[in-house]
Amino acid sequence: MQLALSAEDAEFRDQMREFFTTKIPQEIRDAVRDRRELGKDAFVQSMQILNEAGLAVPNWPVEWGGQDWTPLRRHIWHEEMQRAYVPTPLAFNASMIGPVIAQFASQEMKERFLPKTANLDIWWSQGFSEPDAGSDLASLRTSAVRDGDEYVVNGQKTWTTLGQYGDWIFTLVRTNPDVKKQAGISLLLIDMTSEGVDVRPIELIDGGHEVNEVWFDNVRVPVENLVGEENRAWDYAKFLLGNERVGVAPVGATKSSLAQAKEWAATISVGDDRTLLDDPLVSTRIAELENELLALELTALRVVANSADGKPHPASSVLKLRGTELQQAVTELIVDLAGPASAASGARDESDLPWWATHSVPVYLNFRKASIYGGSNEVQRQIIARTILGL
């Protein structure tokens, strides 16, 4: 089964494919393909090329750089970007705070932040999770107390992805401790160079520095940096998380990884002119994953087509849940294909072992995070039970 495209949409797909494979520097695309860590400069360069062509934030309102595309064309844009190993626009900017500012902020705040956000002149960090408020986000304790024309912020955020690069952080804070916990939360934009902001690295199981904890010690934030209304940020957070859960099911990237796995399986001889790809158990496993990814792709189209007015489609939880499960399943397949070579994760580049085999375990370990971020999969099952199944 294939998605049938009209002649116009097929032409659009070809235009996207040509742009992504010719305009984004090859060295950046190679780094994404080989699962090497991208530095800040590579992210910024790629997103600025996309923004100059009007391709960085197509989901935004047209007046702020968006495109009046159909859901199918947004899907094609995303698929072809991932197929070409182009870094997707920084999610914190393009899919999270940008749409929130465009939807809920004042005109002054939109003019101040949206152009720089689309062009990655500001690198945004996400200040949501806390040590005791991850999936139960409404239990956050970081406080903001009004003092004249400023808020004084104290508390801690954790798992702040790529926070070491952050210029600003959009931060959920408690501004009213005396009401229902969802009702007393506000959203502040905080300059990360402010006195009292401290970013501390967290080393992950694969040895990488991808996430951080951020501490706020009497950080003074101008009241003008409040997004929307005070104590209304729970609505904004739900809007943002709906967008995030669509984005954490990268169908195109997972399909590309599975295609690579097939190529690698075809290079491993098992005797008699046969390779692992000829093994019926391996080929069946790959076929099952391809079918599951097709189903996920169709679900992604349905979710995007039915999300509007700040109310994401309930199936976005299905997308997040199944998307992360398939991401992890593909990384596990690659470890199994690598066999004993997967244990050589410390091998240097000059090793005779295939590079993908020696990287398979660190990638597998890193993607254990996928079932936790964006709302844990356990929480997504609860949402599905309530909003879709009516249980």
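In helix 3 of this predicted model, the residues Ala42, Phe43, Val44, Ser46, Met47 and Leu50 are buried. The elements that cover these buried residues include helix 1 (7–23), helix 2 (26–33), helix 4 (71–83), helix 5 and helix 6 (107–118). After helix 3 comes Gly54, whose phi is positive, near 75°.

Trp356, Ala357, Thr358, Ser360, Val363 and Asn366 are the buried residues of helix 11, and they pack against strand 7 (209–222), helix 8 (251–265) and helix 10 (316–338).

In soluble globular proteins, nonpolar side chains tend to be buried together. The largest nonpolar core in this structure has 60 residues, and Phe20, Trp124, Phe170, Leu172, Leu187 and Leu189 have the most contacts inside it. Helix 5 (residues 91–104) gives the most to this core, with 7 residues. A second, separate core has 24 residues, including Trp264, Leu276, Val282 and Ala357. Beyond its neighbours within four places in sequence, Phe170 is in contact with several residues, among them Phe92, Met96, Trp124, Leu187 and Leu240.

Nonpolar residues also occur on the surface. Ile388, Leu389 and Leu391 form a nonpolar patch there, with about 340 Å² of accessible area together. Ile388 lies in the segment after helix 12 (377–387) and is partly exposed, with a relative accessible area of 40%.

Side chains of opposite charge can pair when their charged atoms come close. The whole structure contains 25 salt bridges; the table presents examples.

| Pair | N to O distance |
|---|---|
| Glu80 and Arg83 | 3.5 Å |
| Glu210 and Lys369 | 2.5 Å |
| Arg322 and Glu292 | 3.4 Å |

Glu80 and Arg83 are 3 residues apart in helix 4, so about one helical turn separates them. Glu80 is buried, because its relative accessibility is 3%, whereas Arg83 is partly exposed at 44%. Glu210 lies in strand 7 and Lys369 in the loop between helix 11 and helix 12; the pair therefore ties together parts that are 159 residues apart in sequence. Arg322 in helix 10 and Glu292 in helix 9 (residues 280–305) are 30 residues apart, and this pair also links distant parts of the chain. Finally, Asp30, Arg33, Asp34 and Arg36 are linked in a network of salt bridges.

Methods
Residues numbered from 1 in each chain as written. Predicted model: local features only at pLDDT ≥ 70, side-chain atom pairs only at ≥ 80, totals over all residues. Heavy atoms only, no water. Core = buried A, V, L, I, M, F, W, Y, C linked by side-chain atoms within 4.5 Å. Buried < 20%, exposed > 50% of the residue type's maximum accessible area, 1.4 Å probe, protein only. Helix = DSSP H or I, 4+ residues; strand = E, 2+ residues; numbered from the N terminus. Contact = heavy atoms within 4.5 Å. Patch = residues over 30% accessible without salt bridge, like charges linked within 9 Å, V, L, I, M, F, W, Y side chains within 5 Å. Areas by Shrake-Rupley, 256 points an atom, 1.4 Å probe, with all protein chains shown as cover. Salt bridge = Lys/Arg side-chain N within 4 Å of Asp/Glu carboxyl O.
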